[in-house]
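Subject: Handover of a structure and notes on its contents

Dear colleague,

Please find the structure below, handed over for your use. The notes that follow it set out what was found.

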Amino acid sequence: MSLNKDGTYNGFIKVHLKLVRPVSVPPPRKGASSQEPANGKRGGAVKRRTSFYLPKDTAKHLHISSRTRAQEVIQALLKKFTVIDNPAKFALFERTERHDQVYLRKLPDDECPLFLRLCAGPNEKVLSLILKENETGEVNWDAFSLPELQNFLRILKREEEEHVKQIMQRYAVAHDRIQQALVSTNPG
């Protein structure tokens, strides 16, 4: 960490990404036709996107200031991975271990992660930072685009079909066993 003349300080934090759901990125560029404006700002409507799962145990180091807030860390991480999902879908968590127990605490948007890191010291068992989906208990469906909502429906339909298939297979096995038991107990 380095101390600035104004009393602020800069340093690195390591954020582990523990995302369960896929993230969306812009489609690969094909030549000069871009879906983003020429000035590079994200404001234009992205009509197509690609979704994928980030590898498990992905971690990213960020160089931030003591004034950088949790919400800004989330935005910086999404920018580094070119994720175009709404930052409100994600939350930064503090993970601590005490007495062989793991505790997670969701950081408020205005909390400063570098200060937490400084107070905790370098040991990641004492404190580590994790980016996860924002689990408020209630889903904010307005935060998802129409293609994402359609994808959720496809996933749910696939899961439902698989569940029905498993139940039918169990029923068929039980039916066969009952039939075999009836045949073996009836002599004639």
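The chain has three helices and eight strands, where helices (H or I, at least four residues) and strands (E, at least two) are DSSP runs numbered from the N terminus. Their order from the N terminus on is β-β-β-β-β-α-β-β-α-β-α.

This is a predicted model, in which local features need pLDDT of at least 70 and side-chain atom pairs count only at pLDDT 80 or more, while totals for chains, interfaces and linings use all residues. Residues are numbered from 1 along each chain as its sequence is written, and side-chain values use heavy atoms, with hydrogens and water left out.

Overall burial and contacts

Of the 188 residues in the chain, 29% are buried. Here buried means under 20% relative accessible area, exposed means over 50%, and partly exposed lies in between (1.4 Å probe, protein chains only). Among the contacts in the chain with a separation of 6 or more, 71% are between residues 24 or more positions apart; a contact means heavy atoms within 4.5 Å.

The buried residues in H1 are Ala70, Gln71, Val73, Ile74, Leu77 and Leu78. Seen down the axis of H1, these buried residues fall within an arc of 160°, so they line one face of the helix; the arc is that of the directions from the helix axis to the C-beta atoms. Their cover includes strand S2 (9-17), strand S5 (58-65), S6, helix H2 (113-120) and strand S8 (128-133).

Just after H1, Thr82 takes a positive phi of about 50°, although Thr82 is a residue other than glycine. Thr82 lies in the loop between helix H1 (70-80) and strand S6 (90-98), and is partly exposed at 41% relative accessibility. Asp100 is not a glycine either, and has a positive phi of about 60°. This residue sits in the loop between S6 and strand S7 (101-106), where Asp100 counts as exposed because its relative accessibility is 81%.

The cavity

Grid points are joined across faces, edges and corners, and a volume is the space filled by probe spheres set on the points.

The count comes to one cavity of 30 Å³ or more. The largest cavity has a volume of about 40 Å³. Its lining consists of Leu17, Leu19, Val23, Leu54, Leu77, Leu78, Phe81, Val83, Phe90 and Leu131. By class, these are 10 nonpolar residues, no polar and no charged. In this scheme Ala, Val, Leu, Ile, Met, Phe, Trp, Tyr, Cys and Pro count as nonpolar, Asp, Glu, Lys and Arg as charged, and the others, Gly among them, as polar. Leu77 and Leu78 of this lining are also among the buried residues of H1.

The largest pocket

How much space lies in the largest pocket? The volume is about 750 Å³. The pocket is lined by 31 residues, of which Arg21, Lys89, Glu133, Phe144 and Phe152 are the closest to its centre. Strand S3 (23-25) and helix H3 (146-185) are the elements that give two or more residues to this lining, and H3 provides the largest share, with eight residues. The lining has 14 nonpolar, seven polar and 10 charged residues.

Two residues of H3

Phe152 lies in helix H3 and is partly exposed, with a relative accessible area of 23%. Leaving aside neighbours within four places in sequence, Phe152 is in contact with Trp141 and Phe144. Glu148 also lies in helix H3, but counts as buried at 11% relative accessibility. Not counting residues up to four places away in sequence, Glu148 touches Ser24, Arg49, Asp85, Lys89 and Ala143.

Cysteines

The count of disulfides is zero, a disulfide being a pair of cysteine sulfur atoms within 2.5 Å. Cys112 is buried, with a relative accessible area of 14%, whereas Cys119 is exposed at 54%.

With kind regards

Technical notes: On a 1 Å grid over the protein atoms alone, a cavity is a set of points where a 1.4 Å probe fits but cannot get out, and a pocket is an open set with protein on both sides within 12 Å along at least five of seven lines; lining residues have an atom within 4 Å of a point.
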